[in-house]
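I opened my notebook to look at one helix and the pockets around it. Here is what I looked up, entry by entry.

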Amino acid sequence: MANAGPLDGIRIIELAGLGALPFGSLKLADMGASIVRVERTSDVPADRSGPRRHIAWDRGRRSIAVDLKNPAGVETVLRLAEAADVFLESFRPGVTERLGLGPDDVMARNPRLVYGRLTGWGQDGPLSPTAGHSLNYEAITGVIRAIGPQGGPPVPLLQIIGDFAGGGLLLAYGVVCALFEAQRSGKGQVVDAAMVDGTMSLLAPYYGMAQSGFHTDEMGANLFDGGAPFYNVYETAEPKFVSVPPIEPHFYTLLLGKMGLAGEALPSQNDRAQWPVLRARFAEVFRTKTRDEWCTLLEGTDACFAPVLTFNEARSYPHHVERHSFVDDRPEVAVSPRLSRTPGDPHAPSPAYPGSDTDDVLAAFGFSASEVADLRDRGAIS
């Protein structure tokens, strides 16, 4: 049954925002939460006869279009919040307060509500009122300064750490924690999810390793950044790559045997001074076979091997196919983690266009047909 996951019955109001917010709310929708996204009336397309739009993080929610600069529109959202469990927004600090939809406004109407706020810099601090993106949060926390080739520049990280893991997932985690507590106390609270905080939390082990000297400031010279020959990526006989991270001695020994290096006089595995020599030898050997040939030799063994795939190649990789890791013929990933009794649902529909569900949603929240017509006449909804 659709939306029968562990969050089935949880109602969430989401003020439309950019990537990290809908990614976080997607995690909640996948687990069964009922999400209503409040979009701008200006985003409703004039021509609604075209094909259904599809964005991966839109699934599992309905869309209404409300003018938040119209007092009647603000009152509409407040009425929705009265019957909701969670309210999500990702504006700069102070914006929802000026709209009349800040935590005090919304929670005055529903004291049990969990109010989730997602920003880049947090609700306070000298950077809080300024614009930023994932790369900025990854920059000031040290993460991109630690990732890049030896002697080269730091490498941008596809927004994965700052926006999606440090932002969207952090928000979803905080919301679920607050919901759990609200069940016991009967009281809601504000969740301040800042992408910069989330990025730092993901890096917690590395701050300790850096302080102890185990991880140095030199890029491409450490255990997990490409410095270690046995935790690295190598080019094959074609312009394709393989990964080998056999850290444990017994796995490392197995890899050497499979590579034909078992009897060769090689530097010690953990002799950092000799890592460049060992890395060069590994690179030489891996260039003797194609990626597929290395897969035939090493896949399915404990040598800790995997081919380096493109996004498109990943969709047809046998392991992902057998585990149904992608949804049907769409470029979407399945729900994770996988729950045995109340699994999430990746097949929940997406809105056809911004505002497509306005009338149905308002009716479900108790608005009469005359009230909906009046709101439309007043320009509060579209």
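Entry one: burial. I checked helix 1 and found Ala20, Leu21, Pro22, Phe23, Gly24, Ser25, Leu26, Lys27, Leu28, Ala29 and Asp30 buried, where buried means under 20% relative accessible area with a 1.4 Å probe, protein chains only. Helices here are DSSP runs of H or I with at least four residues, strands are E runs of at least two, and both are numbered from the N terminus. After helix 1 comes Gly32, with a positive phi near 105°.

A note on the source: this is a predicted model, in which local features need pLDDT of at least 70, side-chain atom pairs count only at pLDDT 80 or more, and totals for chains, interfaces and linings use all residues. Residues are numbered from 1 along each chain as its sequence is written, and side-chain values use heavy atoms, leaving out hydrogens and water.

I noted a volume of about 740 Å³ for the largest pocket. Of its 34 lining residues, Gly17, Leu18, Gly19, Ser90 and His133 are the closest to the centre. Helix 1 gives the largest share of this lining, three residues. A pocket is an open set of points on a 1 Å grid over the protein atoms alone, with protein on both sides within 12 Å along at least five of seven lines, and lining residues have an atom within 4 Å of a point. Grid points are joined across faces, edges and corners, and the volume is the space filled by probe spheres set on them.

Phe23, Phe311, Phe326, Pro331 and Val333 lie nearest its centre, among 18 lining residues.

Definitions and conventions: Buried means under 20% relative accessible area, exposed over 50%, partly exposed in between (1.4 Å probe, protein chains only). On a 1 Å grid over the protein atoms alone, a cavity is a set of points where a 1.4 Å probe fits but cannot get out, and a pocket is an open set with protein on both sides within 12 Å along at least five of seven lines; lining residues have an atom within 4 Å of a point.
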